[in-house]
Amino acid sequence: MRMQGTWGTEFEILAACDLLQTDIYIFTNNKWLKYPVLQINNSYTPEAIYLHHRDENHYEVVENVETNEPIIVIDDNVETQLSGKRKHLKKKRGSRWRSIKKRSIYFQNYHLVKKELNSGQKVRSNWKLAFRTKREINSLNKRRRKQYQISYIKAHLKRKYTNQLRSILHTQYETILKPKLEDKYQNVLKPKLEDKYQNVLKPKLEDKYQNVLKPKLEDKYQNVLKPKLEDKYQNVLKPKLEDKYQNVLKPKLEDKYQHLLKPKLEDKYQNILKPKLEDKYQNVLKPNLEDKYQHLLKPKLEDKYQNILKPKLEDKYQNVLKPKLEDKYQNVLKPKLEDKYQNVLKPKLEDKYQNVLKPKLEDKYQNVLKPKLEDKYQNVLKPKLKNKYQKILKPKLKVKYQKVLKWELKCKYIDEIKLKLKQ
């Protein structure tokens, strides 16, 4: 009990924590030491027991913990408390522990002497240091045995109470902690986190992405990744894919299309789609298209043609196409056509006319047209002409003769007589 943080009753305190399922706080040397249940079986309890280690020889129950008490020190690692490590806080008069500097020199000598002890040699010089070294080795072995005992007790208690504590912890978590945590998360943490994300983190991240990460990634992609990928695609993947398509996939697809898909599609088109499409076209699309064409497209197209296309086409025809066509006709087509007509078509046409068309036309004229024309002349045209002559032409001719022709003939006759008389 003279060594700070090490007592003979620590095992009993740990066992009491496990049995009572609660934490125990002990006030000693102006600080609080905590012995938690989590040390052994990872359970949780909101209650605790507070003890005062008075004069380091007995314990008293603490009924009230006021705010003006010494500062509470909670040390969750009991192994550091049980390891027996001495913490040199302050040099006291009459203390059996040396200062830090002297102890460092002492332990340097200790390591030198330890080699001789381990090799079995007798240490004759500095027997005082050798004696203290043996004492340190014994205390070290004692502390190691104590640590082993603590680990053994922990393992034993853990094996003993694992299943029971697991069920108790699960029940307590499901009934007490989980609802509280979920309620706190939904009502407090979640709104805060969402608000912080929307107002603080999201703008920062977006700004960082736009100004820093995006340019870097784009630059890296353009300068590093894109050339590598293109080179790999052109030299490795593309030949493999083309070869695989030509040798494996294409024959399979063609075979599958010819033997499976094509008959199904044709049958489905003929029996289902074609009637539906025709019916829809006749009853819905055709009237709509005609109506749209008559009322919308046709006026627009006519207006566009009259105002835009027609002048352009006429101008282009007059200035560009017509001279080219005339020149091409005069220099190329006309000689060819004339030559072809003279050497090929004309003989054929004459021969065809003489041997085929002329006999047919003469026969048709003699047997069909001539009787019709004679009949039409006798029955229709002759009466009409005669009537027209009697009523219109004869009076006109008579008047014209009396006024013009008679005088002209008379003058002509007189001139002839004069010529004869002179002769």
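Colleague: How many residues apart in helix α5 are lysine 178 and glutamate 174?
Modeller: Lysine 178 and glutamate 174 are four residues apart, so about one helical turn separates them. Helices are DSSP runs of H or I with at least four residues, strands are E runs of at least two, and both are numbered from the N terminus. This is a predicted model, in which local features need pLDDT of at least 70 and side-chain atom pairs count only at pLDDT 80 or more, while totals for chains, interfaces and linings use all residues. Residues are numbered from 1 along each chain as its sequence is written, and side-chain values use heavy atoms, with hydrogens and water left out.

Colleague: What do lysine 178 and glutamate 174 form?
Modeller: A salt bridge, with the closest N and O atoms 3.7 Å apart. The term covers a side-chain nitrogen of Lys or Arg within 4 Å of a carboxyl oxygen of Asp or Glu.

Colleague: What is the relative accessible area of lysine 178? And how does glutamate 174 count?
Modeller: Lysine 178 has 28% and is partly exposed. Glutamate 174, at 33%, also counts as partly exposed. The cut-offs are under 20% relative accessible area for buried, over 50% for exposed, and partly exposed in between (1.4 Å probe, protein chains only).

Colleague: How many salt bridges does the structure hold?
Modeller: Two. In the other, lysine 34 pairs with aspartate 23, and the closest N and O atoms are 4.0 Å apart. Lysine 34 is in strand β2 and aspartate 23 in strand β1 (residues 23-28), so this pair ties together parts 11 residues apart in sequence.

Colleague: Buried or exposed, lysine 34 and aspartate 23?
Modeller: Both lysine 34 and aspartate 23 are buried.

Colleague: On to the sheet. What order do the strands have?
Modeller: The order is β2-β1-β3-β4, in an open sheet of four strands with mixed pairing. At the edges are β2 (31-35) and β4 (58-61), each pairing on one side only. Two strands pair if DSSP finds at least two bridges between them.

Colleague: In what sense do β1 and β3 pair?
Modeller: Parallel, over five bridges. Tyrosine 25, for instance, has tyrosine 50 in β3 as its bridge partner.

Colleague: How many bridges join β3 to β4?
Modeller: Four, and there the strands run antiparallel, with β3 spanning residues 48-54. Arginine 54 is opposite histidine 58, histidine 53 is opposite tyrosine 59, and leucine 51 is opposite valine 61.

Colleague: Which residue in the hairpin of β3 and β4 takes a positive phi?
Modeller: Aspartate 55, with phi near 55 degrees; the hairpin has three residues between the strands.

Colleague: New topic. Which residues form a nonpolar patch on the surface?
Modeller: Tyr185, Val188, Leu189 and Leu193, with about 340 Å² of accessible area together. Leucine 193 is in helix α5 (residues 127-422). Patch members have over 30% relative accessible area and no salt bridge; like charges are joined within 9 Å and nonpolar side chains (Val, Leu, Ile, Met, Phe, Trp, Tyr) within 5 Å. Areas come from the Shrake-Rupley method with a 1.4 Å probe, and for residues only the protein chains shown count as cover.

Colleague: And what share of the residues in the protein chain is buried?
Modeller: Buried residues are 12% of the 423. The accessible surface of the protein chain is about 36200 Å², and 56% of that belongs to carbon and sulfur atoms.

Colleague: How many helices and strands does the protein chain have?
Modeller: Five helices and four strands, running α-β-β-α-β-β-α-α-α from the N terminus on.
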